[in-house]
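Hello,

Here is the structure I promised to pass on to you.

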Amino acid sequence: MMIKHTRLLLIVEDSDEDFEATLRALKKSSIDCEIYRCVDGEDALDFLYRRGKYFGEHNKRPSVILLDLNLPGTDGRDVLKEVKRQASLKSIPVIILSTSSNPIDIETSYQNGANSYMVKPVNYPAFTEAIKSFEDFWFRVAVLSNDIL
Amino acid sequence: MTKITVSDPLLLPGVDLTNCDREPIRILGKVQPHGLLFVLEPDLTISQISANAAALISRTSESLLGSGLDTIMPSEQVAEVRKHLFNEQNKYIRPIPITIDVENQQKHFNGVVHGNPDGLLILELEPFVHVPHALGNFYGLVQVASATLQETQSFDDLCQLIVHEVKRITHFDRVMVYQFDEDGHGTVIAEAVEQSMEPFWGLHYPASDIPQQARQLYVLNWLRLIADVNAQPIDIVPSLHPRIGKPVDQTYCFLRSVSPVHIEYLKNMGVGGSMSISLVREGQLWGLIACHHREPIFVPYEVRTVCEFLGQLFSIQLGTREESHDFQYQVKVKSAQFHCIEMLATEGDYVSRLLATEDILTMTGAQGAALCIDHTIHLIGQTPNEKQVRSIVEWLVTNNSQDVFATHNFSKLFSSASAYKGVGSGLLAITISKGQGSYVMWFRREIIQEVNWAGNPNKPIEIDDNGDLRLMPRKSFEKWQQQVENTSLRWKPYELEAAEQVRNAIIGIVLRNIERLASVNADLAQSNSELDAFAYIASHDLKEPLRGIHNYASFLLEDYESILNEDGVSKLNTLVRLTQRMEDLINSLLHFSRVGRVELAFSETSLQNVLTETLALLELSLQDAGVQIRIPRTLPSIVCDQVRIGEVFNNLIVNAMKYNDKQDKWIEIGYLDETPTVFYVTDNGIGILEKHYETIFRIFKRLHGRDEYSGGTGSGLTIARKIIERHGGHIWVRSIYGQGTTFYFNLESKIEL
């Protein structure tokens, strides 16, 4: 049975400017979703495992994770591996949003179970377009495991 | 004269030597007519005698057979003969003065007695000739000669002195020092000759001139006189010894008659009488003092004794003088070798240092040298050409495992080498690295180029009355080049040693270079990984703030466009555009660095397919630009990285498309039938001035304004060249300015699949 509820988008992004650009692009569409930002990989894992500063909180399981690769400390690659290794988390779509167009990064991300890979362009209209497409697909078109109760 | 019968004419060339070598010159059974030979029994009765007793002592030889010696000479002289024959102490006291009463006249003879190899007792008599006082006595002659010999400095002086001295005391027309080499060939190294006669100095004579058994006799008898080549030899009667039933062995007889072959040989040379004095070194026949006279000549016994003594004196000198002669050369070799090694010991490029010096040739006594190091060949002096040297390298790699390889007859081992026998009959090679095919080689020319043979050493063969082939000594003594082909002078042990020393020095350098290279490689690996890190930093850490600037400029435009004036909006738009351009440049740099480092994926690839795919990707742009594509014939298959070569085609076609201002644009892609195949991309575009042929390949170098001809970062050709070079190929451009441009490239890919 499917029910409607507000989906949670977890954005893992260390750069405030990039986060703002992403947020700005997301706001341009009318899709209703909650957004939570983690500033690095450790923060993201704490959030997902409800540990550290999230201990005892009842935060939502994210519907989609938008993950940057290059993060201070535990970086996006480790987060991706951990999420896709963990049975309780692996069904969450992880979309990589990175500056890196390095073929090695792209290849290993997919090898490690990334559901999509987007390169951040230095072109705001193109970026906005990319974010809109992402949102449109994952929050309108796709049926996600979180939806099934 | 030994006759030989030859049924196969092809066997002829090998005939001469062995034939002469078989000639039984010790037992010819004849004597020269100027003396008498007696074979005596122990009781001194005559058992054999030369048949010229009538001529010399007016007694028939037959009448003397069976008589005692005392029937012809006084008894005290018979006692003297007996003493010499049977008393060891008197062995070396020669000659015995003999007086024979010939028709009431006292005739004086010199007598010499000895035992022959069969144990027979032999007495030889020759007429006593008084030596004129002008020549001095034996002691005087010897004293002067030996004193002068001692005083000479060089070996050449010594040789010159001895020929002049012998000529002075014997009155021969021509006196020569004749030296044998390792193969028995002889060379005239000193000569004293009458002015009117043709000099033989410097001429070479083949070994077959002096057959083996004659050489043995020269060692046993140090002096040999042939008084008159036209004299009829006298038989010894009876021909066989009555008791032992054999012809008498005349090994030690000075009267022994001459081989008819040798007589003919001397006659052909215009010689009437000759004498030779053996020069013996360490029991080996080193050479001869050869004396020729146009007329018959009798050299008195006393003078011959002086000559023999001089020969012995010379022989003693030989050891020390020749060694010192060679020693001087050895010093030269050593010093050149030392100089080479000294230069090798200093820092820097050893190849160029070796090339800069003559010593490399001097140290081995070579006329040419080749340095084959790291597939590059440097030639010095007289050598085979580069291609031939490469074939020698290949031969050495396959056939030689020695560190130092030497031959004086290379074509015998490697038949192709006969093509350059003139410069490379002798080869000395040191192995630097067999795996790398690195060698240093020295070459010696064919000896024939230096040799003037006296006459044709291949003695002409005559057919005698019986139809048998018979060897005849040559008729002519004009200079004639001997066909001893393909050989050089031999490499001396100390020359090989010098080569080995140089090899050790070079190996030392190579090892040092390898160590240095290993450390450079480590540094390089380090800097490569740093370059990777740098590329990543460029891609990410530089781009992030750049994107920030871009985005915030965009936000400004979005949020405040309405309150900004036109100028402000324009400036913000420029800012946005510049950030995008910056990103393009960073991406190009990143791509270029990746193309240079990422491993290529080689496979057999149809370039036609690669081209078709590339054109499919560009189809829309090509249509927009209105470009016609021409492919005259299907491109071949080649081993390459198909993705990268696709990129090369893409970059070249995009350029051809962009830089074209013609109404009807076309691009032709094809190939030339060369090895390796040359591919080309040709257009009828704007063309490139020749002065820019190189600069266009520099990264970010543009010939036109940034926004002319649809822009671009200016890295396409740089990347194309990098890809082609990584395939072992080349790219170059030819253009007619204003009419069109052709880019050519080949892929000399040596990758084996």
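Predicted model: local features only at pLDDT ≥ 70, side-chain atom pairs only at ≥ 80, totals over all residues.

Residues are numbered from 1 along each chain as its sequence is written, and chains are lettered from A and ligands numbered from 1 in the order in which they are written.

Let me begin with the nonpolar cores (sets of buried Ala, Val, Leu, Ile, Met, Phe, Trp, Tyr and Cys residues joined through C-beta atoms within 7 Å; buried means 20 or more other C-beta atoms within 10 Å, exposed 12 or fewer, partly exposed in between, with C-beta atoms placed from the backbone). The largest has 48 residues, and those touching the most other members include Ile162(B), Val163(B) and Ile289(B). Helix 6 (residues 155-170) of chain B supplies the largest share of this core, seven residues. (Helices, H or I of at least four residues, and strands, E of at least two, are DSSP runs numbered from the N terminus.) Beyond its neighbours within four places in sequence, Val163(B) is in contact with Val175(B), Ala190(B) and Ile289(B), among others; contact means C-beta atoms, placed from the backbone, within 7 Å. A second, separate core of 39 residues includes Cys340(B), Phe405(B), Ala429(B) and Tyr439(B).

Next, a sheet in chain B: five strands form an open, antiparallel arrangement in the order 15-14-18-17-16, where pairing requires at least two DSSP bridges between two strands. Strand 15 (376-381) and strand 16 (404-407) of chain B are at the edges, each with a single partner strand, so one side of each has no neighbour in the sheet. Four bridges join strand 16 of chain B to strand 17 (residues 426-433) of chain B, and Thr407(B) stands opposite Leu427(B) in strand 17 of chain B.

As for the two chains, 14 residues of chain A are in contact with 15 residues of chain B. Helix 1 (residues 16-27) of chain A gives the most to the chain A side, with four residues.

Happy viewing!
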